[in-house]
Amino acid sequence: MSEIKLYALPFSNNAMRAQLCLDEKGLAYEYVQVDLFKGAHKQPEFLAINPRGQVPALVDGEITVYESVAVVQYLELRHPNPPLIPSDPKRMATCVRLIGEFNQKLDPTNIFGSVKFGGKRRADIEDRVGKLLAECRLWEGYLGKGPYFVGEMYSLADIVVLPFFAVAIDGLGLPVCDFPNLHAWYERCKSRPSVVKQPWFAAFAADKANLDQHVLAQPG
Ligand SMILES: N[C@@H](CCC(=O)N[C@@H](CS)C(=O)NCC(=O)O)C(=O)O
């Protein structure tokens, strides 16, 4: 049995980051599904692992880590190959900065939840859509021609933002005409073996057909 246990739930954006990192590094791990719908994350057994009662949490022998960004950073230090944080100081700073910006500006938007599960449409959330598009424009510029967010190297910055942009592109219809760099980067990431093996990308792709959800493509 593997030493590493990942407590997660399919389609959890946060848990996906941990999986992407584990698989990019080729690490063996046991996937322990925490059934959020049955409240397993608020039971004493799981709260002993993460007192916030959230996935992901990672247990590596005696060490327990929760919060997705802490999990991927832990994995990077514990298993440095292949490296996912640049050693060049400038690129390293860019990588850390992007993760911070993502957590502050993009992660809390959760427009997909409002649209897919809350039935909201563009007119209901015009203000939030406008802010998200403005933020995406910034990320389009950060990426430039890439190929990845810190240049040639696929890094934790890509891993942390990938589940979000998968949802923005496939689920919310972020238009390719206005965001060509992000679309090209998304396709590039999806061709990586560690990404191909994640079952949830096919599920996101199915949202491409749900045009009524594509609030980022509709006229304001
Ligand atoms: N900041 C945390 C967020 C974790 C999080 O919100 N996880 C969700 C699943 S995607 C969860 O467990 N939700 C249940 C809850 O908050 O009660 C991280 O990055 O790990």
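**View 1. Leu174 sits in the loop between helix H7 (156-171) and helix H8 (180-190).** This is a predicted model. Leu174 has 23 C-beta neighbours inside 10 Å and therefore counts as buried; the cut-off is 20 or more. Which residues does Leu174 touch, not counting residues up to four places away in sequence? They are Cys136, Ala168, Ile169, Phe179, Leu182 and Leu216. Tyr7 gives a reference point for the view. Leu174 and Tyr7 stand 167 residues apart in sequence, and their C-alpha atoms are 31 Å apart in space.

**View 2. Twelve positions, listed here by name, surround the ligand: Ser12, Asn13, Asn14, Leu36, His41, Gly53, Gln54, Val55, Pro56, Glu67, Ser68 and Val69.** Two helices each supply at least two residues of this shell: helix H1 (13-24) and helix H3 (68-78). By class, the shell holds 4 nonpolar, 7 polar and 1 charged residues.

**View 3. Helix H4 (residues 89-106) has a buried side and an exposed face.** The helix has 18 residues, which at 1.5 Å a residue should span 26 Å. Its end C-alpha atoms are 25 Å apart, so the length agrees. Which residues of H4 are buried? Cys95, Leu98 and Ile99 are. They cover an arc of only 95° around the axis, so they lie on the same side of H4. An α-helix has 3.6 residues a turn, so residues three or four places apart point the same way. The buried residues of H4 pack against H3, helix H6 (126-143) and H7. On the face turned away from the buried side are the exposed residues Pro89, Lys90, Ala93, Gly100 and Gln104.

**View 4. Phe11 and Glu67 both have a positive phi.** Most residues other than glycine have a negative phi, and most peptide bonds are trans. Phe11 is not a glycine, yet its phi is about 70°. Phe11 lies in the loop between strand S1 (4-8) and H1. With 13 other C-beta atoms within 10 Å, Phe11 is partly exposed. Glu67 has a phi near 80°. Glu67 lies in the loop between strand S4 (63-66) and H3. Glu67 is also partly exposed, with 17 other C-beta atoms within 10 Å.

View 5. Pro82 is in the loop between H3 and H4. Where is Pro147? Pro147 is in the loop between H6 and H7.

**View 6. Lys25 is in contact with Pro82, among others.** Lys25 belongs to the loop between H1 and strand S2 (30-33). Is Lys25 buried or partly exposed? Lys25 counts as partly exposed, because 18 C-beta neighbours lie inside 10 Å. Leaving aside neighbours within four places in sequence, Lys25 is in contact with Leu75, His79 and Pro82.

**View 7. Lys208 lies in the segment after helix H10 (200-206).** Lys208 has 13 other C-beta atoms within 10 Å, so it is partly exposed. Lys208 and Asn14 are 194 residues apart in sequence and 22 Å apart in space, C-alpha to C-alpha.

**View 8. The whole protein has 10 helices and 4 strands.** From the N terminus on, the elements run β-α-β-α-β-β-α-α-α-α-α-α-α-α. Along the principal axes, the C-alpha atoms fill a box of roughly 50 × 45 × 30 Å. A compact globule of 220 residues would have a radius of gyration near 17 Å; the protein has 17 Å, which agrees. Of the 220 residues, 33% count as buried. Among contacts between residues at least 6 apart in sequence, 69% join residues at least 24 apart.

Key
Residues are numbered from 1 along each chain as its sequence is written. This is a predicted model: local features need pLDDT of at least 70, side-chain atom pairs count only at pLDDT 80 or more; totals for chains, interfaces and linings use all residues. A residue is near a molecule or strand if its C-beta atom, placed from the backbone, lies within 6 Å of it. Ala, Val, Leu, Ile, Met, Phe, Trp, Tyr, Cys and Pro count as nonpolar, Asp, Glu, Lys and Arg as charged, and the others, Gly among them, as polar. A residue is buried if 20 or more other C-beta atoms lie within 10 Å of its own, exposed if 12 or fewer, and partly exposed in between; C-beta atoms are placed from the backbone. Two residues are in contact if their C-beta atoms, placed from the backbone, lie within 7 Å. The radius of gyration is taken over C-alpha atoms; the globule rule is 2.2 Å times the number of residues to the power 0.38. The expected span of a helix is 1.5 Å times one less than its number of residues. The arc is that of the directions from the helix axis to the C-beta atoms.
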